[in-house]
Structure formats: structure tokens, C-alpha cells
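Reader: Please show me the model. I would then like to go through it by question and answer.

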Amino acid sequence: MEIVIDIDAEEPLFAQLMAEIKRAIGSGGISPGDALPSIRQLANDLNLNNKTVAKAYQLLERDKVIVTKGYRGTFVHPDARDNMDFDLNAWVSAQINQAIGACRDKGATDSEIRIAFANIMQNKPTAGE
Amino acid sequence: MPFNMSENAVLAITYAVFLGQIFLISHYFPKRLIARVRYVVDNFPASDYPKLYPNAGPNFEANIHRKLKLFKTVNNGIVLVGLLIIAAMLGGGYRPDPMGGDELFVMFYFFLQFFPFLIVAIKEHKQYKAMRQAFKEVRRTADLKARTLFDYVHPAAVFAAVLCFGLWIFYYLSVKGWDQTWGEEVYITVGMTTAMNLIYAWIIARFLYGKKLDPYQASKDRMKTVEAIVKVLVYSSIGISLFNMIAVAADEYALEAFDPVFTSLYMQYCALIGFGVMIGTAKVEDFDFSVYRDTGKAGEPA
């Protein structure tokens with residue numbers, strides 16, 4: 001199953017790689033349990049930095065589309081076809097949107113919401129703690 | 001003489017095998033290599049396939065044909081040298097040395113035969129480097145299949161290589177004596193053969209997982225090329241171990257008079273493996289040369 005990336009495209013290379021691997025799974029080109037190339041092999045084949053491929057693999061593993069089994073290598077996750085429809089970024093946006101909506105309903109200003117969000121992200125003590 | 005064989009019989013075998021070496025390595029293989037290059041240059045000219053010849057200048061095809069003629073001439077000269085060696089041996093009343101050592105002339109002649117091929121290999125390496133430097137494609141492709149050693153060579157061949165290596169070490173050290181103090185020669189011999197096999201393993205890993213030599217080559221053609229290289233190295237490893245065992249056995253059983261024969265046969269085996277497997281597995285007639293056409297904007301059809 002061949003994948004293609006465009007180094008001149010606006011989409012980041014790691015994102016293109018993730019999309020191509022998901023496309024390959026969705027089209028049946030590779031199946032759950034199939035072995036994927038090592039990071040080094042894929043990076044050399046595409047003439048990319050190892051870190052680009054490593055990032056794509058890391059995020060795919062987070063999303064349970066692939067699974068790494070130590071020295072044995074990387075494989076397509078058994079539930080890849082179900083898991084790859086889940087868009088984590090979209091879910092995060094939806095959660096934050098919901099939280100912000102609730103805050104605004106209570107009368108909080110955008111500035112107060114921004115400060116609280118920044119403090120939480122930086123693990124600083126928030127009001128009431 | 002070993003096995004009560006007459007000296008003339010040993011000489012006849014030596015001359016016949018050496019003649020085989022002369023013609024196989026300096027006549028037959030150069031002829032096949034020239035035909036292979038001519039096929040590519042004549043059927044896929046620089047005007048239509050510029051990516052294949054990034055450094056093609058004016059009169060490129062004429063220059064290539066001139067260089068092929070030079071390659072042929074040099075190899076013909078090496079054949080002549082080989083025949084002169086045989087003539088000198090016949091005229092000088094050569095007799096095989098029962099203590100061994102005559103294989104050196106076979107080895108030195110092989111190095112002479114190998115030299116033109118080494119030049120070709122260096123030129124090929126420079127060609128690939130020029131192609132990589134000229135590579136400006138924005139679309140990059142890769143196969144989503146993990147490559148393993150056994151995709152390219154049968155496990156039995158790898159097992160045979162490991163087994164032969166182990167057997168050779170065991171036999172060699174047995175002959176030297178397990179309870180003896182081993183001299184420098186033993187450590188050097190075992191060390192060099194081990195190092196050679198490790199180098200082979202490194203080269204195989206480089207071709208399996210490293211960057212593409214030819215950035216344009218189609219995936220299926222790359223697989224064929226890698227398959228050829230892996231097989232060459234695995235079979236070469238088997239050859240080294242077997243040759244070493246035969247060399248040790250020759251000393252053990254007073255067969256040193258056959259050392260030139262064994263050495264020549266081993267050199268021919270190396271050439272057969274190195275060249276024969278390559279042209280048999282990676283046939284240029286089956287390659288996809290459309291990848292070297294000019295596509296106008298990089299990555300898009302012209």
C-alpha cells in the first residue's frame with residue numbers, strides 16, 4: 001500500500017502522514033494487526049526527519065490507531081477502524097466551547113475566562129483554591 | 001601428489017580452472033555488463049529521460065559508447081595478460097608447489113580483473129549521488145509495509161550462512177587444537193572473517209532500512225534491487241565459510257597443490273554470485289523507466 005506526501009503542501013508533514021495511514025486503513029490497504037514500517041524505514045523512504053515520523057506515530061498511538069509493541073515493532077491497532085473516526089482535536093474544541101459557553105452564561109467576562117484558562121494551563125493556583 | 005594423482009593431471013585441472021576464471025570474469029561478464037548499459041542508454045536516452053542522467057552533457061550517448069569500448073578494451077587486455085600467464089607457466093615448466101602458496105598468482109590476477117568493475121561501481125555510486133542531489137520532487141511516496149530480511153531471501157539461506165560460519169570456526173579451531181595456545185594468525189583469521197560477515201550484515205541493514213540510492217526508482221524495482229543485493233551478500237557469506245574450510249582441509253590432507261584451483265573456483269563463485277545474481281534478479285528489461293521522464297513541474301505529469 002503506497003502513501004504519498006507533498007512537502008510543499010500547507011498541511012504539516014506529520015499530519016499528512018497521519019492522514020495517509022488512516023486512509024490506508026480505511027481503504028483496506030492495511031488491516032488491523034498488520035506491521036507498519038519502523039520510524040527509520042519510513043523516514044528514509046520519504047526522505048523526512050525521523051522526528052516527523054515519530055510524531056505522527058506518537059499521535060496515532062495516542063488515538064489508538066496504531067500500537068507499538070517494543071522491539072517487535074509497530075502494528076495497526078485491532079480497533080483502528082473504529083478509533084480513527086474519532087477526531088481528538090474536534091472533541092477538545094467542543095469541550096472548551098461548552099465550558100466557555102457555561103462561563104459566559106454565568107456572567108464571566110472573556111478576560112476572566114482567559115486568565116483562568118491560562119492559570120489552569122500553567123498549573124497556577126486559581127481563585128477559590 | 002594428492003590421491004596419487006599425476007602431476008600432469010593436477011596441472012591440467014589448474015590450467016582449465018584458471019582459463020575459466022579468465023573468460024568468465026574478463027570476457028563473459030564484461031560482455032553482459034556492456035549489453036546491459038547499452039540497452040539502457042539506447043532505449044532510454046537522456047533527451048527523453050533526463051532524470052536518469054543528471055550530469056548528461058553534449059554528445060552524452062557518444063561518450064558513453066566510447067567508455068564502453070574502453071571498458072571492453074581493458075578487459076580484453078586483462079584476458080591477454082591471463083593467457084600470457086598461462087603461456088609463461090607452460091613455457092617455464094611450472095609445477096604446482098606441494099607446500100602451497102601458488103594461489104597468490106590467482107588472487108593477484110583476480111584483483112586485476114576486479115579493477116575495471118570497481119571503477120564501474122564507483123561511477124555508479126557517483127551517478128546515484130548526482131541523482132539524489134538533483135532530486136526536487138515535492139511528491140514523495142513510500143510503501144506502508146515493514147521490510148524484513150526474509151522478504152528478500154529464504155530463511156534457509158540465512159540459516160545456511162550462519163551454520164557454515166559456525167561450522168568453519170569449529171573446524172578451524174579444532175584443527176588448530178582446542179588445548180593449544182593460538183597464535184596471532186588464528187585470531188586474525190577468525191577476526192577478519194567475523195568482521196566481513198558483520199560488514200555484510202550492516203550493508204544489508206543499510207539497503208533494507210536506509211535512504212533510497214535512486215530517489216526516483218519505483219518501489220517494485222527497488223525491491224528487486226534490494227533482493228539481489230541481500231542474496232549476493234548471504235551467498236557470499238556461505239562462500240567465504242566454505243572456502244575457508246576447504247583451505248584448511250587442503251592443508252590438513254596435503255592438497256596444497258590444489259590451492260590455486262580452490263582459490264580460482266572461489267573467485268569465480270564470488271563473480272558468479274556478485275554479477276550473476278544481480279543481473280538475474282534485477283533485470284533492467286523489467287524496470288519501470290517512466291519515473292525518469294521529465295514531468296514538467298516536479299511531481300506532476302508533463
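Author: Two residues are in contact if their C-beta atoms, placed from the backbone, lie within 7 Å. This is a predicted model, in which local features need pLDDT of at least 70, side-chain atom pairs count only at pLDDT 80 or more, and totals for chains, interfaces and linings use all residues. Residues are numbered from 1 along each chain as its sequence is written, while chains are lettered from A and ligands numbered from 1 in the order in which they are written.

Reader: Leaving aside neighbours within four places in sequence, which residues is I25(A) in contact with?

Author: Neighbours of I25(A) within four places in sequence are left aside here. What remains is a list of contacts: I30(A), V65(A), V76(A), A80(A), R81(A) and M84(A).

Reader: Which residues of the largest nonpolar core touch the most other members?

Author: A nonpolar core is a set of buried Ala, Val, Leu, Ile, Met, Phe, Trp, Tyr and Cys residues joined through C-beta atoms within 7 Å. A residue is buried if 20 or more other C-beta atoms lie within 10 Å of its own, exposed if 12 or fewer, and partly exposed in between; these C-beta atoms are placed from the backbone. The largest such core has 25 residues, and those that touch the most other members are L17(A), I21(A), I25(A), V53(A), A56(A) and L60(A).

Reader: Which element gives this core its largest share?

Author: Helices (H or I, at least four residues) and strands (E, at least two) are DSSP runs, numbered from the N terminus. Two or more residues of the core come from each of β1 (2-6), α1 (13-26), α2 (39-46) and α3 (50-62) of chain A. The largest share is five residues, and the element that supplies it is α1(A).

Reader: How many residues are in the other core, which lies apart from this one?

Author: That other core has F29(B), L33(B), F110(B) and Y266(B) among its members. Its count of residues is 19.

Reader: Which element gives the most to the side of chain A that touches chain B?

Author: On this side, 24 residues of chain A are in contact with 15 residues of chain B. By class they are 13 nonpolar, six polar and five charged, where Ala, Val, Leu, Ile, Met, Phe, Trp, Tyr, Cys and Pro count as nonpolar, Asp, Glu, Lys and Arg as charged, and the others, Gly among them, as polar. At least two residues each come from β1, α1, β2 (35-36) and α2 of chain A. The element that gives the most, with six residues, is α2(A).

Reader: In what sense do β1(A) and strand β1 of chain B pair?

Author: Two strands pair if DSSP finds at least two bridges between them. Within β1(B), D6(A) has R139(B) as its bridge partner, and I5(A) stands opposite R140(B). β1(A) and β1(B), residues 139-143, are joined over five bridges, and the sense is antiparallel.

Reader: Which side chains of β1(B) point to the buried face?

Author: The side chains alternate along β1(B).

Reader: Is C270(B) buried or partly exposed?

Author: C270(B) lies in helix α7 (residues 259-281) of chain B. Beyond four places in sequence, C270(B) is in contact with S236(B) and G239(B). Because C270(B) has 19 C-beta neighbours inside 10 Å, this residue counts as partly exposed.

Reader: In what order do the elements of chain B run from the N terminus on?

Author: Chain B has seven helices and one strand. From the N terminus on, their order is α-α-α-β-α-α-α-α.

Reader: Over which residues of chain B is the pLDDT below 50?

Author: pLDDT is the predictor's confidence in each residue, from 0 to 100. Chain B has a mean of 89, with 96% of its residues at 70 or more. Where pLDDT is low, the predicted coordinates should not be read in detail. The stretch of chain B below 50, which has eleven contacts in the model beyond near neighbours in sequence, is residues 297-302.

Reader: What ipTM does the predictor give the complex?

Author: For chain A the mean pLDDT is 90. The predictor gives the complex a pTM of 0.82 and an ipTM of 0.75.
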